[in-house]
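Biologist: I would like to learn how to read a few features of a structure. Could we go through them one at a time?

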Amino acid sequence: MAYQEVPFSQLEIPMQEIWSFMGYGSDRTPDNETVSTAKEMLEQASSVLHPKFEYHFFDGRIDLDTDSLIIDGPDGPVSFAAGKIICRQLNTARRFAVFVATVGREYNDWMKGIEAQNDMFRTYVADCVGSQIVESAADYMEKVLQNEIDAQGLKRTNRYSPGYCNWHVSCQPDIFSLFPEKNPCGIELNDSCLMLPVKSVSGIIGIGKDVRFLPYSCGICTMQNCFRRHRR
């Protein structure tokens, strides 16, 4: 188990990833105003936001007949209809890290202040900056997790989140049920299974001696609006 607030200085936030969230491909460069605004929003965020993450380890298994992931939770087995793509990537795992990561609850007030300026461009840029910050926090979490399992001679898979690869977001309450607190890292779930702050991620990472960390297999997934396609 690990819980950590991540110092902003420890996050790797490549500007190219922010451009990707904004729709720029690797062959396109934003104009000077966009670059300047993104750097300004990132500087503001670094003084306001407090990214954090939490993960817990559980035993579990994959049922390929039903394309389900079954986690042995503290109150009994919890089954996730994770879908064929994810289950095949996790099939050789025997332990699983269930995680959340977030930009922090300060994000909502920060965005309200920007929105109050009635500048749609700045609001859009700030939103994209927030998207990359939470991904960078999750990337940092993976490094911490890797260091922990290295000592046990174990490997990890990619991280997989509800909402991607046909894994429905309706399973979010089941993921949150595996944490000892109702709102891990201060994240709340609304009735639509949307996490608040919205710049939060949850999911599962497979762990074992025979698992593999692979490039995201966008070619076998039909989801066209996944941000991972921007990061290829």
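Modeller: Start with burial: buried means under 20% relative accessible area, exposed over 50%, and partly exposed in between (1.4 Å probe, protein chains only). Asp-67 has a relative accessible area of 18%, so Asp-67 is buried.

Biologist: What does Asp-67 touch?

Modeller: Contact means heavy atoms within 4.5 Å. Not counting residues up to four places away in sequence, Asp-67 touches Phe-80, Ala-81, Ala-82, Gly-83, Lys-84, Cys-87 and Arg-88.

Biologist: What should I know about the model and its numbering?

Modeller: This is a predicted model, where local features need pLDDT of at least 70, side-chain atom pairs count only at pLDDT 80 or more, and totals for chains, interfaces and linings use all residues. Residues are numbered from 1 along each chain as its sequence is written, and side-chain values use heavy atoms, with hydrogens and water left out.

Biologist: How many disulfides are there?

Modeller: A disulfide is a covalent bond between the sulfur atoms of two cysteines. The rule asks for a pair of cysteine sulfur atoms within 2.5 Å, and the count is 0. For Cys-171, the closest cysteine sulfur is in Cys-193, 8.0 Å away, which is too far for a bond. Cys-171 is buried, at 8% relative accessible area.

Biologist: How many aromatic pairs are there?

Modeller: Rings of Phe, Tyr and Trp (its six-membered ring) pair if their centres lie within 6.5 Å; planes under 30 degrees apart count as stacked, over 60 as edge-to-face and the rest as tilted. The count is 6 aromatic pairs. Tyr-55 and Phe-57 are edge-to-face, at 5.4 Å centre to centre with 65° between the planes.
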